[in-house]
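Here's a quick briefing to read with the model open beside you.

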Amino acid sequence: MLKNISRIVALTIITLSANKPLQAAAAEVVVLPTLSVTDQLSFNSNAATVVRAKSGPTFAEAWYDLAQQTVGLAVNDAGARGFGTTTTLRGLGNTPFFSDASAPVYLDNIPLATAFTFPTELYDFSQMTIYRGPQASAQFGRAGDAGVIQFTSATPGQKNVAHVGAALGSAGQMSFTASAQSARTETSDASIHFGTSRRDGYLYNTQLKQTVDDRQAVFGRIQLHYRPQQDLEFSVHLLTQRSRDGAQALVPLGESFTNVSRSKEGQADTDFTALAVGLSRRLATATLTATTSYTDWDLSPYANRLVVFGGFDFDSVLTQSQRTFNEEVRYVSDWFTGGIFYSHASTRGGASRAFSGYTIENSSFQQTSATWAFYGQGNFKPTPNWLITPGLRLEHAAKTFTRTEIIPTSVVNHQADDWNALLPSISATRHLNRSTDAVFTLARGFKAGGYSAYTGRADLAGYDPQRTWGLEAALTTTDSTAGWAFTSRAYAYRVSGYQIERSFAVPATSTDEYLVVNAQRAQVLGGELESLWRLTPTITLRAIAGLTQVTLQYFTDPFTHVNYSGNRAPYAPSGNAALQFDYVAGSGFSFGAGATWTGRTFYDEQESASFAQAGYTLLEARAGYTYGGLEFRAFGRNLTGRKYYSAITPGVFHGTPGAPATWGFEVSSRW
């Protein structure tokens, strides 16, 4: 691997330094075009949406706020930061612990390999952009079959700026954040952000007389840009987070959402660090960038105790870590975007599980994965009213896996596999009139296979890749005079090898096994609506709605040989919707309210009613006042105290309660 890395870095430096300096004025680094639906009356009909970060008692809720504001996106929060959490976009997602993400995340220019390393604190990112559909794989080095999610920093302006904020709220919520950003000069700019947050647990252990799922985090981020000449920029991006939390929030299904009774509680300690070093050279008509990044995520330990099966204590102690090296070289111009991507990841972990003091599993594992990708997308205008956007991605993924089991048997399982993918895409945009566009897209998507480390069945530890064909049509219309914008989309996906997580729940057998298996074929049908109305200069109304139907067209379980064809896929809600009202007065007063709906979600492929979350609606409100550089704000979430599960774990008959009614106050100063 080191030999490959040294070659890539050397090639990057030679490529960027070989071009002669230009005499033109320095320009900002060219990035993929994004579109704000809050600052201007327009949507991207080609399936991209931008969401501004909302403030709250801590930044930890922002990732889940994103799901509530984005049509087609769902986050099933298991209550242990990213560990065990599933994220689905248009019905395609990850399994809780081992599969790759269908919609990978970029933190500016840093790609994250798997869903359990996804951010919970936002590090002062100003916006989040969701690129839906497999066609996004022709735009990004790290990509999945559902799309890409990108967190983007604010661009330095002409003045130095600083911000300090603090918040207090229910359940002992407290947070403090501070940031400073220098003005952009011809030679440099810098920004720094620091924050800390905490809250008491929403669950209370009546036996131990203590809260359960407490959360504490310290986080920070530094960005530096240096421009030794007009057309050359060097950048450094460092971010880190340290979390020291209580036990994962799990309650027995059908019982109290707020209280548990057990003789022991656990903890979940996670550490995350990411570093990126970049070079950017401005060419005559394009920008060439190269980014070398490294991410280090560690969970040690994850421990909890559950009371299951009529009174048995079920103890789990897990460890897991992932270290990833990424190299991405990107060329961006008005007519073409393309690049080369390489990533190498090493994931390690171990599991110890016991029933009432009797150890039933003691194992460890190591997995390495390497990914090569070549990608590109062009823009051609054969006529003034047509834009044709063809894309192509070539990807090679290879994984090796070793699992060592001590209990219940002494065995070592070695496996390795690799997969190739040729992923074409094409979009055709028809400009119907000055305010309306229609877009038609056909694209191929791919998500690599892998291995589950929580099963001793060597014949079923591996699972195959997930391959997708996607067809999409969209219509966008904007009327700036009337003050409204509207986008509608319809899509159909044909999926082979749909990856399904078993969560220890294996019916009609005498043993429980964690497995990731493949449905031979699945179908995804869906529709999306996004709209924005500026009723007056001070009043804005935004509405989104989407329905998604994920059907396992052909699926025979390889473990039980039971046929589940025709059932809905787990973890994918039937849809989501949101309605938001905002009033901002010239006097500095503001008010907002919103409602979000999440459709029915099954958590097993049997469509068991006991492992399903019915659709639910959450209400929120906020009010604020700005005076000079000071801002005061009050907020409330889940105002009706709606009880629901944000995730369900069928194998242990437990669920993670969603956050109850919460409230808080914030004060911030900017200068």
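Two residues count as in contact here when heavy atoms of theirs lie within 4.5 Å. With that in hand, take Leu-107: setting aside neighbours within four places in sequence, Leu-107 is in contact with Leu-112, Pro-119, Phe-125, Phe-151, His-237, Leu-239 and Phe-272. Keep in mind that this is a predicted model.

**The chain overall**

- The protein chain has 41 strands and 2 helices.
- Of its 671 residues, 56% are buried.
- Take the contacts in the chain with a separation of 6 or more: 66% of them link residues 24 or more positions apart.
- The chain exposes about 26,700 Å², and 59% of that comes from carbon and sulfur atoms.

**Nonpolar cores**

- The largest nonpolar core has 59 residues.
- Which residues have the most contacts inside that core? They are Phe-83, Phe-98, Leu-107, Ile-149, Tyr-454, Tyr-498 and Leu-552.
- Another core, of 14 residues, lies apart from the largest one, and includes Leu-203, Val-260, Phe-611 and Ile-648.

**Aromatic rings**

- The model has 24 aromatic pairs.
- One of them is Tyr-331 with Phe-336, a tilted pair at 6.3 Å centre to centre with 45° between the planes.
- Both of those residues are partly exposed: Tyr-331 has a relative accessibility of 26%, and Phe-336 has a relative accessible area of 27%.
- One aromatic cluster brings together Phe-83, Phe-97, Phe-98, Tyr-302, Phe-365 and Tyr-454. Phe-83, Phe-98 and Tyr-454 also turn up among the residues with the most contacts inside the largest core.

**Charges over rings**

- Tyr-454 has a charge over its ring too: the charged end of Arg-353 sits there, 4.6 Å from the ring centre.
- Arg-90 does something like this with Tyr-491, lying over the face of the ring at 4.3 Å from its centre.

**Two three-stranded sheets**

- An open sheet of 3 strands runs in the order S2-S3-S4, with antiparallel pairing.
- Which strands stand at its edges? They are S2 (73–76) and S4 (92–93); each has a single partner strand, so one side of each is left without a neighbour in the sheet.
- S2 pairs with S3 (residues 86–89) over 4 bridges, in the antiparallel sense. Within that pairing, Leu-73 has Leu-89 in S3 as its bridge partner.
- A further open sheet of 3 strands has the order S13-S12-S17, this time with mixed pairing.
- Its edge strands are S13 (210–211) and S17 (259–260), each of which pairs on one side only.
- S12 (residues 204–205) and S13 run antiparallel and are joined by 2 bridges. Asn-205 has Gln-210 in S13 as its bridge partner.

**Strands S34, S37 and S38**

- S34 (residues 589–598) and S37 (residues 616–627) run antiparallel, joined by 10 bridges. Along that pairing, Ala-593 stands opposite Ala-621 in S37.
- S37 also pairs with S38 (residues 630–637), antiparallel and over 8 bridges. Thr-626 stands opposite Glu-631 in S38.
- S37 and S38 make a hairpin with 2 residues between the strands, where Gly-628 takes a positive phi near 65°.

**Gly-599**

- Where does Gly-599 sit? Its place is in the loop between S34 and S35 (601–602).
- Leaving out neighbours within four places in sequence, Gly-599 is in contact with Pro-573, Ser-574, Gly-575, Gln-613 and Gly-615.
- Gly-599 and Tyr-616 are 17 residues apart along the chain, and their C-alpha atoms are separated by 6.7 Å.

Conventions. Residues numbered from 1 in each chain as written. Predicted model: local features only at pLDDT ≥ 70, side-chain atom pairs only at ≥ 80, totals over all residues. Heavy atoms only, no water. Phe/Tyr/Trp six-rings, centres within 6.5 Å; stacked < 30°, edge-to-face > 60°. Buried < 20%, exposed > 50% of the residue type's maximum accessible area, 1.4 Å probe, protein only. Lys NZ or Arg CZ within 6 Å of the ring centre and 35° of its normal. Pairing = 2+ DSSP bridges. Areas by Shrake-Rupley, 256 points an atom, 1.4 Å probe, with all protein chains shown as cover. Core = buried A, V, L, I, M, F, W, Y, C linked by side-chain atoms within 4.5 Å.
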